[in-house]
Amino acid sequence: MSDGSHSPFRRKIFTKDTIVEGKLKKSLGAFDLTMLGVGAVVGSGIFILPGEIASVVSGPAIVISFIIAGIACCLAALCYSEFASKLPIAGSAYTYSYYVFGEIFAWIIGWALLLEYGLAVAAVASGWSSYMQSLLAGFHVEIPKLIAGSYNPATGTYFDLLAFVVVIVIGVLLSLGIRESTRVNNIMVIVKLAVVVLFIVVGAFYVKPDNWQPFMPFGFKGIITGASMVFFAYIGFDAVSTASEEVKNPQKNMPIGIISSLFICTLLYILLSAVLTGIIHYDLLKDVSAPVAFALQAINQNWFAGLLSLGAIVGMTTVILVMSYGGTRLIYAMGRDGLLPKTFAKVNSNNTPVVNTLIFATVMGIIAGLVPLTKLAELINIGTLFAFAMVSLGIFFLRNNKHIPDTGFKTPFYPVVPALSLLLCVYLIINLSGITLIAFAIWFVVGLIVYFSFGVWHSKLRDEKRI
């Protein structure tokens with residue numbers, strides 16, 4: 001139901017039937033959610049980002065940068081947990097906004113999340129292709145240059161076939177059902193975690209405390225700058241909230257899944273960064289594209305290099321899987337509400353949105369194969385930060401919404417936590433590059449055109465009676 005049938009500001013009204021009206025199958029527990037979160041967050045970045053930032057921004061104090069960024073993400077995670085507990089419905093921040101802000105705001109946030117999930121899938125697929133080509137080269141298998149990279153006639157590459165294929169394969173896996181997909185994801189996450197933990201354990205024996213000196217070569221400002229940069233290493237945990245409708249006992253399991261996955265990822269980032277900068281002095285990591293592998297070579301652990309490449313490939317595969325999952329469930333929710341064609345909301349006998357999933361995979365696969373997305377990485381970040389900010393702001397409206405049950409998880413230290421989360425997200429947004437802000441504004445305008453030309457006229461709430 002809505003409270004304004006002919007207005008783009010109409011809101012959904014929570015009723016006793018809201019939670020049970022969904023068609024998606026409830027099959028996920030807290031462990032599955034935690035693995036989804038870790039799968040989304042711990043990707044190739046854990047093998048690259050610590051060395052990159054430590055060498056030019058923060059030095060060994062990058063461990064403090066990760067702690068600060070982890071705390072910042074935790075603030076947003078607590079806000080997400082309250083929403084996911086009280087509104088366990090597919091769609092994440094898009095759905096939450098529909099209940100507390102209104103349809104037009106929900107659409108804008110959903111549109112921003114599509115940017116995050118879509119570009120993340122395509123960008124990570126490109127990185128996956130590069131790692132896979134390196135691994136295949138070790139077995140003397142070469143991919144023809146014509147299909148070995150994104151469209152760039154100057155270098156003789158026209159399509160990244162491996163990037164396209166991995167997105168399609170993940171799409172087919174997701175179309176089989178979330179239960180099957182999470183089983184595969186859980187196995188890959190365990191393999192990935194094993195590789196990261198093994199590096200931490202092996203590397204700890206080669207740490208030289210002198211390499212941590214000076215600990216803060218770039219001062220406290222370097223730590224803060226580093227925190228704003230590594231914040232983006234946590235992007236993806238919000239995809240866990242898109243699973244709400246498929247979770248058994250969401251009031252209990254959603255907060256556990258969101259918060260525990262974030263805690264595990266933060267701990268891994270801190271430990272790996274400490275070991276890495278303890279093995280190799282931070283200034284030797286400058287311009288090193290694979291710092292963890294570089295550190296292993298420095299301590300004559302070359303046997304680990306192949307295993308590390310495997311870990312990176314598995315890690316990126318889980319990111320593609322979870323971000324694809326998040327994108328398809330978001331599109332499902334928007335299609336069910338009529339803001340996108342209802343085809344996207346159709347499910348098969350296994351309660352899986354197969355058509356939606358395969359269309360998403362095909363489009364993102366083609367983009368991954370054609371477009372070099374490294375320069376668009378910040379667009380992934382701004383879409384996420386915008387959603388984080390709106391969820392944090394939404395807690396104030398949620399607490400004052402008399403239609404939504406007051407049971408379930410509650411963000412602690414209200415209103416301090418959501419206020420701090422909101423301010424931090426806004427601060428990080430305004431510190432992104434000008435070109436990123438302009439590109440996001442263009443995406444924003446395109447979204448409004450789509451909404452007012454289609455969504456506003458086909459909205460499921462349009463013809464419902466005003467409460």
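User: How much space lies in the second largest pocket?

Analyst: This is a predicted model, where local features need pLDDT of at least 70, side-chain atom pairs count only at pLDDT 80 or more, and totals for chains, interfaces and linings use all residues. Residues are numbered from 1 along each chain as its sequence is written, and side-chain values use heavy atoms, with hydrogens and water left out. A pocket is an open set of points on a 1 Å grid over the protein atoms alone where a 1.4 Å probe fits, with protein on both sides within 12 Å along at least five of seven lines; its volume is the space filled by probe spheres set on the points, which are joined across faces, edges and corners. For the second largest pocket that space is about 380 Å³.

User: Which element gives the most to the lining of the second largest pocket?

Analyst: Lining residues have an atom within 4 Å of a point. There are 17 of them, and L114, F360, V363, M364 and W443 lie nearest the centre. Two or more residues come from each of α5, α12 (354-370) and α15, helices being DSSP runs of H or I with at least four residues, numbered from the N terminus. With six residues, the element that gives the most is α12.

User: How many charged residues does the lining of the second largest pocket have?

Analyst: Asp, Glu, Lys and Arg count as charged; Ala, Val, Leu, Ile, Met, Phe, Trp, Tyr, Cys and Pro as nonpolar; the others, Gly among them, as polar. The lining has 15 nonpolar residues and two polar ones. The charged count is no residues.

User: How many aromatic pairs does the whole structure have, and why is the pair of W111 and W443 stacked?

Analyst: Rings of Phe, Tyr and Trp (its six-membered ring) pair if their centres lie within 6.5 Å; planes under 30 degrees apart count as stacked, over 60 as edge-to-face, the rest as tilted. The search finds 17 aromatic pairs. W111 and W443 have ring centres 4.5 Å apart and planes at 15 degrees, so this pair is stacked.

User: How many residues apart in sequence are the parts that W111 and W443 tie together?

Analyst: W111 belongs to helix α5 (residues 103-137) and W443 to helix α15 (residues 434-458). The pair therefore ties together parts whose separation in sequence is 332 residues.

User: Is W111 buried or exposed?

Analyst: Buried means under 20% relative accessible area, exposed over 50%, partly exposed in between (1.4 Å probe, protein chains only). W443, at 27%, is partly exposed. W111 has 11%, so W111 is buried.
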